[in-house]
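Q: Could we go through some features of a protein model together, one at a time? I would like to learn how to read them from the atoms.

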Amino acid sequence: MKARDRLLLAHGSGGRLTHELIAGTFLPALDNPYLSLLSDAAVLPELPPGRPALTTDAFVVDPPCFPGGDLGYLSVCGTVNDLAMAGARPLWLTWALILEEGIEGDLLRTCTAGTARAAAQAEVQVVAGDTKVVPRGKGDRIYAVTAGLGVVPPGREVGDHRVRPGDAVIISGPLGDHGATIMACRHGLTSDDLGSDCAPLGALVEKLFAAGIEVHSLHDPTRGGVLTVCNEVAERSGLRLVLEERALPVRPQVRAVSDLLGLEPLSLACEGRFLAWVAPHQAELALEVLRPHPEGCQAALIGRVEERGQGEVPVVLKTEVGGLRPLDLLSGSDLPRIC
Amino acid sequence: MKDLYRDPRAVAGLLAEISAAAAGLGRGATSARLVRGATFMEGCGTHTHAVAAAGLRRMLPSNVRLISGPGCPVCVTPVDYLDRALALASRPDILVLTFGDLMRVPSSTLSLEQARAAGANIEVVYSPRDALARARLLPSVQVIFLAVGFETTVPTIAAALAEAEQIGLDNFLILPGNKVMPPPMAALLDDPELGVDGFLLPGHVSVITGWHAFNFLAEEYAASGAVVGFTPSDVLRGVVGLLGNLNSGRPGVENFYGRAVTSDGNRTARKVVERFFEPVDAVWRGFGLIPGSGLGLRSQWSDRDAATIGVDLPPPAEPPACRCGEILRGKIDPPECPLFAAACRPENPVGACMVSSEGTCAAWYRHERWTGDRR
């Protein structure tokens, strides 16, 4: 597709234009021996030892290009991070696109380049893809759907069933950068120092395991933020989470956007952070392992797990001023308030 | 810079003052009720939110109670306003734009959110200026902004109307639904059964009106009011002030938000409002009609008044078991409503008090259900 060209319905028809699109845009960026065969399915080598892990994800972010990333970059990060949160080492991804007739070639190239960059950073390969083009008005520029395959090394067991009273809750970096950036974009609030935190987390997670940290559970606080993840873990484990508002790392620019738009950093999505539930005696060591790395330099201990009694609230925030506030799941989307 | 107004030590100091003042309640007071404790009403939804966010309610001594009043603009919007908005939104030549928290308010039929999912022309905007921008982009569509909110919000709506006039944008209209705060407070105080000992007064409304607009509380009703801001320290400072009024037996209205609120307020804002709006009688959900409590468009702006557009309205249907009215008037607490936390929840609100996160029931549901909890 030439520069400034727009995508036509014919690009999705399977004919000559589709082949041009694949050969001209996707293959050069995502080049690897599996994808370049362009067979109906990628036949992969034997998996390394351990249990296979499989995840799927869909990406509809609006706007598709934002400070700190794009839909393509996000689609790879989101997928590999899901695998990393299960304790798996990500290996191979699929990447299917639903494109709207009329989008500019530059948008597609940007997202494809983003995908390639993230795949290189995460050391994974995109081994299968698909492209559909829907008529103008039947989509929103670009949607991506992925699947990711990885392997959980032998002897590793990560999950909410392992969370215990006393566990430390650690976050790898400041809350809400991605969500705040997206909301700011949508409302025309731009700032040089506000960008998405979108990043692959596999390498950082592996550092914890390599240091012998007893990691009980991992989650990346994407849609719904830290608040939602904590409620889910509390629900599944039957335990109670107590978070310290004073300990939550929030960048001033994220705080500013949140205040302006009536949002809560605790409920804003992060796309390059994880929450880890680790054995209590290793909390400090976990922070020492994470902090030397750029993606983990602001890692913080933000709470603890406790027993939960009958009728007690599952997630509680000790507020900055010494109060206690239950952190309920959001009901519906975060609606901006009138005044 | 450290936030002085959220400093835990300052807050602890204020709480100590409150405890001391609360211990003195009832001694020398004429009201037997005060022996049991003091009840203060916050007349502003943002105060409800701020108190809940900091967990302040449970930090107060057990004989000092904060209850929420009718200061939640979403909660007091009557059913027929929403019915009219829905009827307008179902017309192909109309686009209805609204503040977000109106989306889940139940009407006689669907909420705006449900209607949008079913194809009605409704979108959420952050401000009236966003609505103006949409009107410019869609010249063949009548763009109607749902004008809801109190004195803080009205100037921005008036300013949008002024801009529409200036640029000759004929397709920008509003559906008037704005209300003003003093009349419902007077209505509350006219009720001899009202158990409220003082008011935390809306800080941002006061920025516009000036705090002298609330002097009537003391002059006509011998009640006390404290104009406060929205940080924990601000709110607690107001509680200290109100307890002081009670203990001294001297009602008064005081401004504790001097860094933003003056006695006379923002005259420029009020002038813009007066150009377009005039006081009208208005229905408040849970209260019924309160004379002079709403703002309607002056007759020369009838072209911009979406209420003049003829639509078929369903017979207004308030849910029968809903007790929002008593909640808004501080008569009962949410758990006393049979629907609370059962049929009426934030995800499925029956009454308006549950819809907005500032509504008494929503705030209670989220923050007060501590059955068996430890402090």
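Q: Is Cys75(B) buried or exposed?
A: Cys75(B) is buried, with a relative accessible area of 1%. Keep in mind that this is a predicted model. Cys72(B) is also buried, at 3%.

Q: What do Cys72(B) and Cys75(B) form?
A: Let's start with the general idea: a disulfide is a covalent bond between the sulfur atoms of two cysteines. Here, Cys72(B) and Cys75(B) form one, with their sulfur atoms 2.4 Å apart. The link is right-handed, with 70° about the S-S bond.

Q: How many disulfides does the structure hold over all chains?
A: The count is 1 over all chains. Cys322(B) is in no disulfide, and the nearest cysteine sulfur, that of Cys324(B), is 3.5 Å away. A disulfide requires sulfur atoms within 2.5 Å. Cys322(B) counts as partly exposed, at 23% relative accessibility. Cys344(B) is in no disulfide either; its nearest cysteine sulfur belongs to Cys361(B), 6.3 Å away. With 8% relative accessibility, Cys344(B) counts as buried.

Q: Let's turn to aromatic rings. What kind of pair do Phe216(B) and Tyr221(B) make?
A: For a ring pair, read the distance between centres together with the angle between planes. The centres of Phe216(B) and Tyr221(B) are 6.4 Å apart and their planes are at 80°, so the pair is edge-to-face. Phe216(B) is buried at 12% relative accessible area, while Tyr221(B) is partly exposed at 24%. Over all chains, the structure holds 8 aromatic pairs.

Q: Which parts of chain B does the pair of Phe340(B) and Tyr365(B) tie together?
A: This pair is edge-to-face as well, with 6.2 Å from centre to centre and 80° between the planes. Phe340(B) lies in the loop between helix H13 (324–328) and helix H14 (352–355) of chain B, and Tyr365(B) lies in helix H15 (residues 360–367) of chain B, so the pair ties together parts that are 25 residues apart in sequence. Both residues are buried.

Q: Where does the charged end of Arg156(A) sit?
A: For a charge and a ring, look at the distance to the ring centre. The charged end of Arg156(A) sits over the ring of Phe209(A), 3.7 Å from its centre. In chain B, Arg329(B) lies over the face of Phe287(B), 5.7 Å from the ring centre. Phe287(B) also belongs to a cluster that ring pairs build with Phe150(B) and Trp284(B).

Q: Now the nonpolar core. Which residues touch the most other members of the largest one?
A: That core has 73 residues, and those touching the most other members are Leu88(B), Leu112(B), Ile122(B), Phe199(B), Phe214(B) and Leu217(B). Helix H4 (residues 79–89) of chain B gives the largest share, 7 residues. A second, separate core has 34 residues, including Leu71(A), Val80(A), Leu97(A) and Val124(A).

Q: What does Leu217(B) touch, leaving out residues up to four places away in sequence?
A: Its contacts include Met185(B), Leu189(B), Phe199(B), Leu201(B) and Val253(B).

Q: Last topic: how many bridges join strands S4 and S6 of chain A?
A: Strand S4 (residues 89–100) of chain A is joined to strand S6 (residues 142–152) of chain A by 10 bridges, and the two run antiparallel. Thr94(A) stands opposite Ala147(A) in S6(A). S4(A) also pairs with strand S5 (residues 125–134) of chain A, in the parallel sense over 9 bridges. There, Leu99(A) has Val133(A) in S5(A) as its bridge partner.

Conventions: Residues numbered from 1 in each chain as written. Chains lettered and ligands numbered in written order. Predicted model: local features only at pLDDT ≥ 70, side-chain atom pairs only at ≥ 80, totals over all residues. Heavy atoms only, no water. Core = buried A, V, L, I, M, F, W, Y, C linked by side-chain atoms within 4.5 Å. Buried < 20%, exposed > 50% of the residue type's maximum accessible area, 1.4 Å probe, protein only. Helix = DSSP H or I, 4+ residues; strand = E, 2+ residues; numbered from the N terminus. Contact = heavy atoms within 4.5 Å. Phe/Tyr/Trp six-rings, centres within 6.5 Å; stacked < 30°, edge-to-face > 60°. Lys NZ or Arg CZ within 6 Å of the ring centre and 35° of its normal. Pairing = 2+ DSSP bridges.
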